[in-house]
Amino acid sequence: MLFTDDLPELDEEAGYRGPIACRAAGITYRQLDYWARTGLVQPTVRNATGSGTQRLYSFRDVLVLKVVKRLLDTGVSLQQIRIAVNHLRDHGVEDLAQITLMSDGASVYECTSADEVIDLVQGGQGVFGIAVGRVWREVEGTLAELPAERVDDDMTTGTGDDELSARRRQRAIS
């Protein structure tokens, strides 16, 4: 199934900490940190604001992380992946699920219909494809088993810090 339209609604306030995002996307924390610092895939729920704060990645962020990982695994250069990710940022989440990414190993092509996939393959362009809707379902299944956080859960401290930072701040006040 390359193209689907029956995808569930997402909780925009839910986020996943770095280690959870790594598990769901199949990447290392070092990759996650590098991609966040270089702007390839930055967390949209909450970015780190210094020592002791935690990034929170949205479902869409984790989906893009997994797509990036798949593209890397197939030999696409990080430069081409950056171009593809910048293009994907222009699409909403629902639109992402309708996309199949095709690549010849050097370039990445976006297909939104089965006809476009066929045209690309017949033209000798596409060697492999990534159906983003299918990746969506994989990420959704993985994240269903892992803990999510709501943005307002961490706001009880008033700064959005993690629990350790809140304890340190409380100790400093006492």
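1. H3 passes H7 in a right-handed crossing, a crossing being right-handed if the near helix is turned clockwise from the far one by less than a right angle, and left-handed if anticlockwise. The axes of these two helices come within 10 Å and cross at roughly 120 degrees. That makes H3 oblique to H7, since angles under 35 degrees count as roughly parallel, over 145 as roughly antiparallel, 65 to 115 as roughly perpendicular and the rest as oblique. Axes are lines fitted to C-alpha atoms, for helices over the stretch in contact, with angles from 0 to 180 degrees between N-to-C directions.

2. The model is predicted, and local features need pLDDT of at least 70, side-chain atom pairs count only at pLDDT 80 or more, and totals for chains, interfaces and linings use all residues. Residues are numbered from 1 along each chain as its sequence is written, and side-chain values use heavy atoms, with hydrogens and water left out.

3. On the H3 side, Phe59, Val62, Leu63, Lys66, Val67 and Arg70 meet Val132, Val135, Trp136, Glu138, Val139, Glu140 and Leu143 of H7; contact means heavy atoms within 4.5 Å. By class, this contact of H3 with H7 has nine nonpolar, no polar and four charged residues. Ala, Val, Leu, Ile, Met, Phe, Trp, Tyr, Cys and Pro count as nonpolar, Asp, Glu, Lys and Arg as charged, and the others, Gly among them, as polar.

4. Leu63, in helix H3, counts as buried because its relative accessibility is 1% (buried is under 20% relative accessible area, exposed over 50%, partly exposed in between, with a 1.4 Å probe and protein chains only). Apart from neighbours within four places in sequence, Leu63 is in contact with Leu96, Val132, Val135, Trp136 and Val139. Leu63 and Ala25 lie 38 residues apart in sequence, yet 7.2 Å apart in space from C-alpha to C-alpha.

5. How do H3 and H4 cross? The axes of H3 (residues 59-73) and H4 (residues 78-89) come within 10 Å, at roughly 150 degrees, which means that H3 is roughly antiparallel to H4. This crossing is right-handed. Arg60, Val64, Val68, Leu71 and Leu72 in H3 meet Leu78, Ile81, Val85, Leu88 and Arg89 in H4, and the residues of this contact divide into eight nonpolar, no polar and two charged.

6. H2 and H3 pack at about 105 degrees, with their axes 12 Å apart, and H2 is therefore roughly perpendicular to H3. Gln31, Leu32 and Trp35 of H2 make the contact with Leu65, Val68 and Leu72 of H3.

7. The largest nonpolar core has 39 residues, and those with the most contacts inside it are Val62, Leu65, Val68, Leu71, Leu101 and Leu143. Such a core is a set of buried Ala, Val, Leu, Ile, Met, Phe, Trp, Tyr and Cys residues joined through side-chain atoms within 4.5 Å. H3 gives the most to this core, with eight residues. Leu71 touches Val76, Ile81, Leu101, Val108, Phe128 and Ile130, not counting residues up to four places away in sequence.

8. For the chain overall, there are eight helices and five strands, where helices (H or I, at least four residues) and strands (E, at least two) are DSSP runs numbered from the N terminus. Buried residues make up 41% of the 174 residues.
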